[in-house]
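Dear colleague,

I am passing on the structure we spoke about, and it is placed just below this paragraph. My notes on what was found in it come after it.

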Amino acid sequence: MDERQVPGPKAEAWIQRDGANISPSYTRSYPFVMERGEGVYVWDVDGNKYLDFTSGIAVTNTGHSHPEVVRAIKEQAEKFLHMSGTDFYYPVQIELAETLNRIAPIEEPTRVFFANSGAEAVEAALKLARYATRRPHILAFRNAFHGRTMGALSLTASKVVQRRGFAPLLPEVTHVEYGYCYRCPFNRTYPECDLACIRYIEEELFQSEVPPDQVAAIFVEPIQGEGGYIVPPPGWMRALRELCDRHGILLVADEVQTGMGRTGKMFAMEHFGVEPDIITVAKGIASGLPLGAMIARKSLMIWPPGAHASTFGGNPVAAAAALATIRLLEGGLVENAARVGKHMKARLLDMKDDHPTIGDVRGLGLMLGVELVKDKETKERAKDVRDWVIQRAFEKGLLLLGAGRNVIRFIPPLIIDEETADKGLDIFEEALTEAEQALL
Ligand SMILES: Cc1ncc(COP(=O)(O)O)c(C=O)c1O
């Protein structure tokens, strides 16, 4: 795609108005001001067209404004926009709960709690885990991202800026190391390590600091998202499940980013053949309308009326969008994510051989990450290269996002085909080559 002068004059004007009116806490890495979107493409207010490899952070899994999702939204909006689902009943919310219970990768019957966001789904899981076990303690992982409300933030440990200034956070939370083999926190090598990071929990933490019978749940992202697109090694999730089973601890899979077909299966936990007790979803569930859900084994849902609820959770328009989204995912998009994701990963792995800064390529389906380094031996993080590539890709017509400290993520809508994926990867490679020439 051609290069463009960005931001254009209209974008510039909007960004000034934004700065004068909107909280400075948002993380904007480059000045894209959206006018409209269609499928895998978006346009800015100055008329520039971009290929979107961000899906608005893994949300627009069916592409921008998919006609079937838009139709479902319009039809529901004409009937009614809201009738608090916590006090009354409406079919679309019940149908969505039935659908989620059908697709959830948990054999025991499940029940759904509806929220409005990922963080709210995590809050619900946190509260239910404590309520159902009557245990106070929670384990989460370093580099984890579970959201920014106070409970969810207490589980988040991906960037200090997210936590600084907000203490005290929830007590009774301990962070342990994830299966991040590229930078093993124990300086070991898989599989000789014999999953040292999981063994540490039982052999050290549970002996010295945290009584396992006080632990309600372990919260885990099946692939760590904001923390750097980190995929745990084979056997890791199963070992975690077994650890939970030995101590009566619930396993909560936070599938807010990995869920809804993104990884080439409806839920990423299906890749590991491991059943969680509770699942949280949001982001891609409704193609862009705000919705979150916490799905739990029925036997855990023992809290009484009034224990937890939300005025907007399970909003009928969002629920209609979710039903249309799931129909599309089951109708071929999950498979497409697996197929195109495989193609993209193979190309990225090829690029790894040609580029001195590509230290690691990882991910499943269309949730792919590339970790950029200054030197493949020392693995010194190349944040400057990462930021340069993202900026240049933007100027060349490709929207990318970072993750972690030095990772670029590739999360296009699941409708993308191989040819379009290649166009985006060509732009990425061009930008990377320039960055390597300029910065190494
Ligand atoms: C795994 C995970 N959990 C929770 C959240 C929080 O979701 P939300 O921003 O909708 O509150 C995110 C957001 O990036 C996420 O990736």
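**Helix contacts, ligand shell and overall form**

The axes of helix α11 (residues 383-395) and α12 come within 9 Å and cross at roughly 135 degrees, where axes are lines fitted to C-alpha atoms, for helices over the stretch in contact, and angles run from 0 to 180 degrees between N-to-C directions. That angle makes α11 oblique to α12, given that angles under 35 degrees count as roughly parallel, over 145 as roughly antiparallel, 65 to 115 as roughly perpendicular and the rest as oblique. Among the residues that make this contact are Trp388 and Arg392 of α11 and Phe428 and Leu432 of α12, two residues being in contact if their C-beta atoms, placed from the backbone, lie within 7 Å. By class, the contact of α11 with α12 has eleven nonpolar, no polar and four charged residues (Ala, Val, Leu, Ile, Met, Phe, Trp, Tyr, Cys and Pro count as nonpolar, Asp, Glu, Lys and Arg as charged, and the others, Gly among them, as polar).

Please keep in mind that this is a predicted model, in which local features need pLDDT of at least 70 and side-chain atom pairs count only at pLDDT 80 or more, while totals for chains, interfaces and linings use all residues. Residues are numbered from 1 along each chain as its sequence is written.

Helix α12 (residues 418-439) also meets helix α10 (residues 316-354), their axes coming within 10 Å and crossing at roughly 25 degrees. This makes α10 roughly parallel to α12. In this contact Val340, His343, Met344, Arg347 and Met351 of α10 meet Glu418, Ala421, Leu425 and Glu429 of α12, and these residues divide into five nonpolar, one polar and three charged.

As for the ligand, 14 residues surround it, and the closest are Gly118, Ala119, Gly147, Val256 and Gln257; a residue counts as near if its C-beta atom, placed from the backbone, lies within 6 Å. The largest share of this shell, three residues, comes from helix α5 (residues 118-133), and the shell as a whole divides into five nonpolar, six polar and three charged residues.

Overall, the protein has twelve helices and 15 strands, which are DSSP runs numbered from the N terminus (helices are H or I, at least four residues; strands are E, at least two). Its radius of gyration is 21 Å, close to the 22 Å that the globule rule gives for 440 residues, so the protein is as compact as a globular protein of that length; the radius is taken over C-alpha atoms, and the rule is 2.2 Å times the number of residues to the power 0.38.

With best wishes
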